[in-house]
Amino acid sequence: MIDLIPDEDQQALLDSFQDLLAAESPVGSGKAPDLWAQIVPLGWLGLARPEAVGGAGLGAVELMLLLRECGRYLASPALMATLVAIDLLDESGQGDLAARLADGHDRVAFALERDDRSVYLVDGDGADLALRVDDGGLALHRIADGRTPLVSIDERTTLHAAELSDLFATSEKSASFRLMLAAQFAGVAEAVRDVAVEQAKLRQQFGQPIGAFQAIKHQCADLAVRAEAAGAQTSYAALMMANDPAKATVELAAAVRIARQAAVSSAQDNIQIHGAMGTTDECHAHLYLKRANLLSMLDGASSWQAEALLAV
């Protein structure tokens with residue numbers, strides 16, 4: 001029997017993630033705050049690095065817990081990009097550059113294809129490097145001089161058009177990236193479940209809370225089931241990465257697929273449960289859907305998931 005419940009040390013770590021993000025990065029309009037000054041001294045960026053090189057020496061489960069909370073509080077995607085880049089650099093023997101990232105001297109932003117010469121840089125404020133993502137894998141580049149600001153659909157991030165230069169590392173199958181992506185999706189699904197249930201308790205129609213109506217009850221139940229499935233499969237994938245890496249690929253594929261569907265579908269239902277107010281800027285429901293769609297762009301065409309699942 002596999003225990004998906006965090007142990008005492010992991011729960012203490014999870015509580016510390018929640019406390020900081022709830023206090024410093026509450027979900028609201030406007031760009032997410034820059035947390036680098038807080039997270040670097042706490043060792044978040046070196047969470048999975050070996051103790052011999054100054055890291056915390058923790059593993060996949062702890063990374064999953066951190067990124068799940070980042071998804072819940074819609075923290076900057078640059079945190080995940082930097083963590084993935086550190087892992088890529090350590091794997092490729094570039095420990096010095098990985099240390100600079102872990103120490104907060106440099107940071108990384110995600111880059112999505114724009115055209116033959118340029119990319120979309122997601123939340124690249126202060127970033128020196130870019131992690132280019134496509135369905136074929138990851139590539140870590142230096143960002144060339146000169147960036148053109150654009151309007152981001154996700155108000156919690158910035159968007160720039162930029163060009164890339166030096167290539168530092170590549171990966172066709174980054175297990176850590178896939179785990180962190182699934183964890184962020186799961187965090188979004190859990191957050192919208194909680195927000196929607198709270199709204200169903202507070203919003204009144206015909207003299208009673210809308211949660212008393214069967215249709216809303218069913219929607220909230222669906223949100224709860226999706227969030228539970230996403231969290232459980234992502235936790236299981238993290239345990240497989242930590243204990244039996246040979247079996248992790250298919251579990252990661254299932255985790256990303258289940259958690260992605262949960263995040264997008266639940267974010268849409270959350271807007272509906274909020275009624276007409278859910279379509280306005282003053283309500284924060286739209287922010288979760290925008291973040292779920294942004295994360296879906298990082299997942300690309302998802303052909304790797306089908307290949308992994310069909311190979312079983």
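How many of the 28 residues of helix 6 are buried? Select helix 6 (residues 175-202), where 21 of the 28 residues are buried, so that this helix is largely enclosed by the rest of the structure; buried means under 20% relative accessible area, exposed over 50%, and partly exposed in between, with a 1.4 Å probe and protein chains only. Helices (H or I, at least four residues) and strands (E, at least two) are DSSP runs numbered from the N terminus.

This is a predicted model, in which local features need pLDDT of at least 70 and side-chain atom pairs count only at pLDDT 80 or more, while totals for chains, interfaces and linings use all residues. Residues are numbered from 1 along each chain as its sequence is written, and side-chain values use heavy atoms, with hydrogens and water left out.

Turn next to the aromatic pairs, which are rings of Phe, Tyr and Trp (its six-membered ring) with centres within 6.5 Å, counted as stacked if the planes are under 30 degrees apart, edge-to-face if over 60 and tilted otherwise. The count is 3 aromatic pairs, among them F110 and F177, a tilted pair at 6.1 Å centre to centre with 55° between the planes. This pair links distant parts of the chain, since F110 lies in strand 1 (residues 108-113) and F177 in helix 6, 67 residues apart. Both F110 and F177 are buried.

Now select F206 and F213, whose ring centres are 6.4 Å apart and whose planes stand at 90°, so the pair is edge-to-face. F206 counts as exposed at 75% relative accessibility, whereas F213, at 28%, counts as partly exposed.
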